[in-house]
Amino acid sequence: MNTLVDTGAATGAPASTKQPKAVWAVAFASVIAFMGIGLVDPILEPIGEQLHASPSQVSLLFTSYMLVTGVAMLTTGVVSSRFGAKKTLLAGLAIIVVFAALAGMSDTVAQIVGFRAGWGLGNALFIATALATIVGAASGGVARAIILYEAALGIGIATGPLVGGVLGGISWRGPFFGVSVLMAIAFVCLVVLLPEGPKPAHRTSLAAPFQALRHRGLLTVSITALLYNFGFFTLLAYTPFPLDMGTYAIGFIFCGWGILLALASVFLAPGLQRRFGTLPMMALALGLFAADLAVMALFAENKTVLIVGTVLAGLFLGVNNTLITEAVMISAPVERSTASAAYSFVRFAGGAAAPWLAGKLGEHSIALPFWVGAACTAAAVLVLVVGRAALAHIDDHDPAPHSVEEAQAITVGD
């Protein structure tokens, strides 16, 4: 894979730092958006205790969020192609602001689950459009843009648990209000920094994501992501329960996970990709993640093993996230926003049951969720290997850097 060789200096500094103003605005908003994922993690157990809910009931916070996010992804292309990237991004942030605040004012788990569903709608509008905007507008080609996007993801996930731990130490409602405030800040940043563009030249249909999934390469990557999501959300939504530690401790543990995820995404993945290729490294990263979950299952009652396993998983997921996100963008001859919507629909909507299943299984056996997560992640490797022929072109892909004019055109919306 020589994508990175031709898009900047060896250090990557010029391609990484000299970006259009709009790219940094969206990247900053993405950091805050991704903080919302880890911000909730330290308060899962306190919510269950104070609202008298079981782990599976609390895990529905993730399930409703993922399900609506996945289904709503089908409409993101339709919305952005009619109203443009800026209006779509702002609409997504505004929805998150409202529903995060409502979740903080809730008195029952059912109410929080419902408001998290609304949160998922806003998340879909923002994330799908943000990824397409950054990939299209960043200088240095697709690979550099994906690294920037994954860096935003890693920074957001790393800092989210810390903020969630601090606010959750005051009240479980604190992180929800924290998300609302941070999203409001991101909203203002985009209003000021992201330029208003002309009306999109053409409109995307609701059928476009389904049509994109006819391409075997995109379908293979999407099913791979669906399966490893069972492992990912076992780690994210279930591990705080067997750890049974305070909000600050959980916050620091998942902060360590997020830091390794960010470092692996930005620094480790590109080098491994150049040396060994995209598909082999995706398979290896997922295989190591499956092994990590299996070890956590074997020693599920040992908190030290769970802590080390959780933090170490950041390395494997960081490498995989960068490579699989780039693979999505070049796996099928369709628009990037359409590919992103199709991929996200399959992995989120299909994997929505993962958090609830992990919580439910955990009520019967502390180790069983980890075993199921490991098995599903191993199955993801198998799908990738079986479908490798449809993805053979990925390691031969060599995208040219975008021109300033093209970057501006794609920024304002496909």
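Q: Why is glutamate 363 called partly exposed?
A: Its relative accessible area is 33%. Buried means under 20%, exposed means over 50%, and partly exposed is what lies in between, with a 1.4 Å probe and protein chains only.

Q: What makes glutamate 363 and lysine 360 a salt bridge?
A: Their closest N and O atoms are 3.9 Å apart. Lysine 360 counts as partly exposed because its relative accessibility is 33%.

Q: What kind of model is this, and how are things counted?
A: It's a predicted model, where local features need pLDDT of at least 70 and side-chain atom pairs count only at pLDDT 80 or more, while totals for chains, interfaces and linings use all residues. Residues are numbered from 1 along each chain as its sequence is written, and side-chain values use heavy atoms, leaving out hydrogens and water.

Q: How confident is the predictor in the chain?
A: The mean pLDDT (confidence in each residue, from 0 to 100) is 80, and 86% of the residues reach 70 or more. Over residues 1-15, though, the pLDDT is below 50, and that stretch has 35 contacts (heavy atoms within 4.5 Å) beyond near neighbours in sequence. Residues 398-414 are also below 50, with 33 such contacts in the model.

Q: How many salt bridges does the structure hold, and which residue pairs with arginine 173?
A: There are 2 salt bridges. Arginine 173 pairs with aspartate 107, with the closest N and O atoms 3.3 Å apart. This pair links distant parts of the chain, 66 residues apart: arginine 173 sits in the loop between helices H7 and H8, and aspartate 107 in the loop between H5 and H6. Helices here are DSSP runs of H or I with at least four residues, numbered from the N terminus.

Q: Why do arginine 173 and aspartate 107 get the labels they do?
A: Arginine 173 has 24% relative accessibility, so it's partly exposed. Aspartate 107 has 52%, so it's exposed.

Q: What stands out about the phi of aspartate 244?
A: Aspartate 244 has a positive phi of about 50° although it is not a glycine. Most residues other than glycine have a negative phi. Aspartate 244 lies in the loop between helices H11 and H12, and counts as partly exposed because its relative accessibility is 45%.

Q: Where else is there a positive phi in a residue other than glycine?
A: Histidine 52 has a phi near 55°. It's in the loop between H3 and H4, and its 71% relative accessibility makes it exposed.

Q: How do you know that leucine 298 is exposed?
A: Its relative accessibility is 58%, so it counts as exposed. Leucine 298 is in helix H13.

Methods:
Helix = DSSP H or I, 4+ residues; strand = E, 2+ residues; numbered from the N terminus. Salt bridge = Lys/Arg side-chain N within 4 Å of Asp/Glu carboxyl O.
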